[in-house]
Amino acid sequence: MRGALEHWRGAWHIARRVVADYLLVYVVSGTGRFAVGDEMFDVGPADLIWIPPGMLHEMRGHAPKMFVAYLHFDLVYDPQRSPRVRSGAAYAASDHADMHPVFARQPIAGWRGKLPVVNGPAIYALMKRAIAEHRGARRPLCVSGLMLEIIGEIATGLSPLAAKAGARWPALRRAAERILVEPEINLDLSSMARAAHLSDSHFRKLFRETHGESPRAMKNRALMHKACDLVLHSGASISEIAFQLGFSTVHNFSRAFSREIGVSPRDYQRRMLGG
């Protein structure tokens, strides 16, 4: 990362230019009008703009004010070029020797302009962490890790499944995260559906279309993955693990474990630990 900031700006204008690195802009509040390449578009809250190096762009924020977050960064670090290029260095054209090298990998190579992500707030939350890290502790590996998370989050927000879920995506994602983090908790589909402003049946349909499996199948899979970890590392007995994960009997737990993992908990423990 070369530069990072979030701040309020009054009415402002950056004339048409190119920059030598990548620029990611998130509009938190306010409105404006941007141009990236030959495309001109209005921007407003929760809009995310991706500007590749060497791409002509222009940015204008409308009165009374706009709150924006932005990141300048390299996708490919060049030990010769990168250290000498000032963050956000602007040029009139793209034929400059310090321009970031062409990054041809898809889908990133095709990103430009206003990206139709459905998870803007999640991306902004990561951007805030990256900004704080860059301007505070400045731990390079932490910043690089956050940038990878941001790029992954953008790819998720542009995926066909997320696009299909549309405005329901954040609620569907939160439901999946809740299941994956705490699979032993009773599955309350009705409350998840209400949080997404959907009927139970519509919620189950969209969840399956978005995540590729039903909520119950995801819960069972996550529960057995947690069981594997407990069997190997908790030091608890199989009976204790069964009750910790909400099974009424050890037999029910062993049967569910064998169905998902292919062997009994005891055999899994022996194979993995060599006992």
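This is a predicted model: local features need pLDDT of at least 70, side-chain atom pairs count only at pLDDT 80 or more; totals for chains, interfaces and linings use all residues.
1. His100 is buried, because its relative accessible area is 5% and the cut-off for buried is under 20%. His100 sits in a loop, the one that runs between strand 9 (90-91) and strand 10 (113-115). Its side chain reaches the backbone nitrogen of Leu75 at 3.1 Å. Leu75 is also on the list of residues that His100 touches, once residues up to four places away in sequence are set aside.

2. **A cis proline in another loop.** Now go to Pro64, in the loop between strand 7 (57-61) and strand 8 (66-73). The bond to check here joins Ala63 to Pro64. It is cis, with omega near 5°.

3. **Positive phi at Ala46.** Ala46 is not a glycine, yet its phi is positive, near 75°. Find Ala46 in the loop between strand 5 (39-43) and strand 6 (48-51). Is Ala46 buried or partly exposed? Ala46 has 35% relative accessibility, so it counts as partly exposed.

4. His197 lies in the loop between helix 5 and helix 6. His197 is exposed, because its relative accessible area is 65% and the cut-off for exposed is over 50%.

5. **Ser191 in helix 5.** Ser191 belongs to helix 5. Its relative accessibility is 19%, so Ser191 counts as buried. The cut-off is under 20%. The side chain of Ser191 reaches back to the backbone oxygen of Asp188, at 3.0 Å.

6. **Helix 6: length and end.** Helix 6 covers residues 200-211, twelve residues in total. From first C-alpha to last, helix 6 reaches 16 Å. That is close to the 16 Å expected at 1.5 Å a residue. Gly212 follows helix 6, and its phi is positive, near 80°.

7. **Helix 6: the buried side.** Which residues of helix 6 are buried? They are Phe203, Leu206, Phe207 and Thr210. These residues lie on the same side of helix 6, because they cover an arc of only 105° around the axis. What do the buried residues of helix 6 pack against? Their partners are helix 3 (160-165), helix 4 (169-181), helix 5 (189-195) and helix 7 (215-233).

8. **Helix 4: length and burial.** Helix 4 has 13 residues, so at 1.5 Å a residue it should span 18 Å. Its end C-alpha atoms are 18 Å apart, which agrees. The buried residues of helix 4 are Trp169, Ala171, Leu172, Ala175, Ala176 and Ile179. They pack against helix 2 (140-158), helix 3, helix 5, helix 6 and helix 7.

9. **Helix 4 against helix 7.** How do these two helices meet? Their axes come within 8 Å and cross at roughly 30°. Helix 4 brings Ala176, Ile179, Leu180 and Val181 to the contact. Helix 7 brings Pro215, Met218, Lys219, Arg221, Ala222 and Lys226. Sort the residues of this contact by type, and you get seven nonpolar, no polar and three charged.

10. **Gln244 in helix 8.** Gln244 is in helix 8 (residues 238-244). Its relative accessibility is 46%, so Gln244 counts as partly exposed. Which residues is Gln244 in contact with, leaving aside its neighbours within four places in sequence? Its contacts are Glu184 and Leu230. Compare Gln244 with Ala227 as well: they are 17 residues apart in sequence, and their C-alpha atoms are 9.5 Å apart in space.

Technical notes:
Residues are numbered from 1 along each chain as its sequence is written. Side-chain values use heavy atoms; hydrogens and water are left out. Helices (H or I, at least four residues) and strands (E, at least two) are DSSP runs, numbered from the N terminus. The expected span of a helix is 1.5 Å times one less than its number of residues. Buried means under 20% relative accessible area, exposed over 50%, partly exposed in between (1.4 Å probe, protein chains only). The arc is that of the directions from the helix axis to the C-beta atoms. Contact means heavy atoms within 4.5 Å. A polar contact is a pair of N or O atoms within 3.5 Å; within protein, one must be able to donate a hydrogen and the other to accept it, and residues adjacent in sequence count only if both atoms are side-chain atoms. Axes are lines fitted to C-alpha atoms, for helices over the stretch in contact, and angles run from 0 to 180 degrees between N-to-C directions. Ala, Val, Leu, Ile, Met, Phe, Trp, Tyr, Cys and Pro count as nonpolar, Asp, Glu, Lys and Arg as charged, and the others, Gly among them, as polar.
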